[in-house]
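I opened this notebook to record what I looked up in the structure. The entries follow the order in which I consulted it.

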Amino acid sequence: MTKRRNLGVVFAGVVIFLLSVVSIMLLVQVGQVDTDVREQYLARNYKALKSRELETKFTSMGELAGPALSQLKDLDMPDYHKVQQTYQSVDLFDRVFSQQELCLAQAVYFEARGEPLIGQVAIVEVVLNRMANPRYPNKACEVVFQNKHLKNRCQFSFACDGKSDRPKDLYAWEKSLKVVALVLDGERSGVAKNATHYHASYVSPFWREHFNKVGEIGRHIFYQDTSI
């Protein structure tokens, strides 16, 4: 009798183990299907590229060298309060960047240069979303440098931290310009479509409780103001 009971316990344990393995496999498969469906949905509705496709487009833009790279080094960065003392435009990557577009690149460089490429694209989208919203200025430089005079209390922290707003890492700055070019050519992250706010994952601003979280990329969490 005892031997039969022990066999029953062993059998039950084996069944539970097998069911657990099958459940895990099904969850993994469902998760993969969900990811694939999401990618297809984003591509169809938002025209958002998958990360690897975005990387391919980014790489195809080439890299600056020689005089063109020197032009980056000598470029005076746009400053909302000193517009006449800065470049009005710069010709790079077969396009002319306006002064407003250079401000977009500044936001990418200082806010997200260590983030994945798709996360950098999302930062540009947030600025563009604000520009389209009547609650915010309708020009990129005015959005990026809004409340610049309020130390550590402006919209984009780099603009009011008291430090220089001129990029020092030329290669990261070059990448920021290319990201802006990609977005202005129509590329999207698929996450920040309606986002007007974001914050780093290691901080907890009070306003996050009042907004709708729309996605997370790298160390940034993106939100939509649902009252808009």
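**Entry 1: salt bridges.** I began with Arg-208, which forms a salt bridge with Glu-209, the closest N and O atoms being 3.3 Å apart. I took a salt bridge to be a side-chain nitrogen of Lys or Arg within 4 Å of a carboxyl oxygen of Asp or Glu. Arg-208 is partly exposed at 26% relative accessibility, and Glu-209 is exposed at 57%. For these words I used under 20% relative accessible area for buried, over 50% for exposed and partly exposed in between, with a 1.4 Å probe and protein chains only.

**Entry 2: source of the model.** I noted that this is a predicted model, in which local features need pLDDT of at least 70 and side-chain atom pairs count only at pLDDT 80 or more, while totals for chains, interfaces and linings use all residues. Residues are numbered from 1 along each chain as its sequence is written, and side-chain values use heavy atoms, with hydrogens and water left out.

**Entry 3: further salt bridges.** I found a count of four salt bridges by this rule. One of them joins the side chains of Glu-115 and Arg-219 at 3.2 Å, N to O. Glu-115 lies in the loop between H4 and H5, and Arg-219 in the loop between strand S4 (212-217) and strand S5 (220-224), 104 residues apart. Helices (H or I, at least four residues) and strands (E, at least two) are DSSP runs, numbered from the N terminus. Glu-115 is buried at 7% relative accessibility, whereas Arg-219 is partly exposed at 48%. I also recorded a salt bridge between Glu-216 and Lys-213, with the closest N and O atoms 3.2 Å apart. Glu-216 is partly exposed at 43%, as is Lys-213 at 45%.

**Entry 4: Glu-125.** I located Glu-125 in helix H5 (residues 117-131). Glu-125 is buried yet has no salt bridge; the nearest side chain of opposite charge, Arg-188, is 4.2 Å away. For charge, Lys and Arg count as positive and Asp and Glu as negative, with His and the chain ends not counted. Leaving out residues up to four places away in sequence, I listed the contacts of Glu-125 (heavy atoms within 4.5 Å), among them Arg-188, Ser-189 and Lys-193.

**Entry 5: helix H4.** I checked how far H4 is covered: twelve of its 14 residues are buried, so H4 is largely enclosed by the rest of the structure. Its buried residues include Glu-101, Cys-103, Tyr-109 and Glu-111.
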